[in-house]
Amino acid sequence: FTAGVVFGWPGLVTVLTKDGVYESLCPKGQPHCPDRSAKLHLVFNMGATGNYLSNVPFGWLLDTYGPRTSSLVASAGFGLGILLCLDEAFLPYGFFLLGFTGPGIQLATLHLSNMFPDKQSTLLGASTSCFDAGAIVFLGFKVVHDSFDVKAHDLFTGFLLVPAFVFLTALAFWPRHAFRLTEIEIAESPGGRNQPRFGALPFKEMIRTQLFWFLCAFATIHICRLNFIVGTMHEQLLHTLPDDKADELTTTFSSMLPFGFVVFPVYGWLTDNHGPITAFQTVTAVGVAYGAAMLIRGSTVALIIVFMLVAVSRQMVYSCVFSMIAKEFGFVHLGKLSGLINIFVACGGAVNFGLSLAALYLMDGEYFAVNTIVLLFALPLLGAPYWLSGNRNEQTPMNAEGGERRPLMGIGGEISRPKFEAEEKPDPGTWEQSGRFA
């Protein structure tokens, strides 16, 4: 309940609005105004930005000091963030800390999939699904607030129990070092399909591959589109509907967001049985579908479709990205690679905030044109995996140990055998050449 808590924002923003947070920014007697909406958007964007910036430092912390230290530092910072959220003057900074430290707790769990190499996609999907489940916290805030008139200040105070529990369990139970597989063990999963294609490359060469840059673009575009909708949905509904109807639909949206994990068995099945092109294309098709549905005016059915597709999309995007990193680059640099990708996602948050300000101040709260732009961002991704899979003549740089050059991405291409020292060669039967990307 920590990693993705900031993305339960639709539930929290209704609580903050009813409690009068930042209402002083509006003219007297007007509960809604562009200045208040912009300030609330800033709070969400601070949390989202912190969430994506965290992976580099916590990735380094995990790779260097192990999951126990990572969890202890993250849970302590998360508690501090909650304390700052108790005062609206410090709410943006507290929300930033919630976003920044929450993923550090989750990141420390990803190494557990190494215990079952033949089920990595499914287990990584299950782990990343916990990210979406964090959105249920602020839905709980709203339910308790509306049912028992408990103010946001008291709800955040009670939430302090969560980081305290994580800190104590990490101190008592988490291992000092992550579970790792040897190179031969990774290759020896059924069919030899879990061989990290770029696992022998130095880190500097990994981030020069087209595959890495494709993952950066894929994650940045999809996640920024998702965050724009999550961050502005309440405001968009208020612009077109009465307050009570907008709150009702926002609650419906909030209740769906935590259940994105329901799609992870589908993702695991797609990538394990049909390869990454199918998985990536499915994610993009879902993104285009909810983007198009956002343009339909006055339709509750269209909104429900948006709510459902947005709820599952974040899980699908990160399952694709994390699984691809684990399978193609291995786990040695998982934290740093995922962290670098998320830095690009964080930079996209500035674009999101700019788009929301344009809608509020330049278009009088009308989001149709901005939603159209957000939809157009996704269209190039429909063809990108096919282009990348067809670019078989491109090769990675020579690795530091003098290993042979290999195709840059093996989707539909040939898997080249890594070069080992003579005394370290595995049994020839271990490796299997295949035209299929695992």
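**The interior and its surroundings**

Reply: Of the 438 residues in the chain, 56% are buried, where buried means under 20% relative accessible area, exposed over 50% and partly exposed in between, with a 1.4 Å probe and protein chains only. The model is predicted, so local features need pLDDT of at least 70 and side-chain atom pairs count only at pLDDT 80 or more, while totals for chains, interfaces and linings use all residues. Residues are numbered from 1 along each chain as its sequence is written, and side-chain values use heavy atoms, with hydrogens and water left out.

The chain contains 18 helices and 0 strands; helices (H or I, at least four residues) and strands (E, at least two) are DSSP runs numbered from the N terminus. Contact means heavy atoms within 4.5 Å. Among contacts in the chain between residues at least 6 apart in sequence, 77% join residues at least 24 apart.

The largest nonpolar core has 84 residues, and those touching the most other members are Trp 9, Phe 95, Phe 218 and Val 310. Such a core is a set of buried Ala, Val, Leu, Ile, Met, Phe, Trp, Tyr and Cys residues joined through side-chain atoms within 4.5 Å. Helix H15 (residues 300-329) supplies the largest share of this core, 15 residues. When neighbours within four places in sequence are set aside, Phe 218 is in contact with Phe 280, Val 283, Thr 284, Val 317, Cys 320, Val 321 and Leu 381.

Two packed helices are described by the angle between their axes and the distance between the axes. The axes of helix H12 (residues 210-240) and H15 come within 10 Å and cross at roughly 155°. H12 is therefore roughly antiparallel to H15. Axes are lines fitted to C-alpha atoms, for helices over the stretch in contact, with angles from 0 to 180 degrees between N-to-C directions. Angles under 35 degrees count as roughly parallel, over 145 as roughly antiparallel, 65 to 115 as roughly perpendicular and the rest as oblique. The crossing of H12 and H15 is left-handed, that is, the near helix is turned anticlockwise from the far one by less than a right angle, clockwise being right-handed.

Beyond H15, Phe 331 lies in the loop between H15 and H16. Phe 331 is buried, with a relative accessible area of 11%.

Two other loops hold residues with positive phi. Tyr 22, between helix H1 (9-18) and helix H2 (34-53), has a phi near 65°, a positive value in a residue other than glycine; Tyr 22 is buried at 5% relative accessible area. Asp 364, in the loop between helix H16 (334-362) and helix H17 (368-378), has a positive phi near 55° and is likewise not glycine, but Asp 364 counts as exposed at 65% relative accessibility.

As for the cysteines, the structure holds 1 disulfide, a disulfide being a pair of cysteine sulfur atoms within 2.5 Å. Cys 26 and Cys 33 form it, with sulfur atoms 2.1 Å apart. The torsion about their S-S bond is about -85°, so the disulfide is left-handed. Both Cys 26 and Cys 33 are buried. Cys 347, by contrast, is in no disulfide, and the nearest cysteine sulfur, that of Cys 224, is 8.9 Å away. Cys 347 is exposed, with a relative accessible area of 51%, whereas Cys 216 is buried at 3%.
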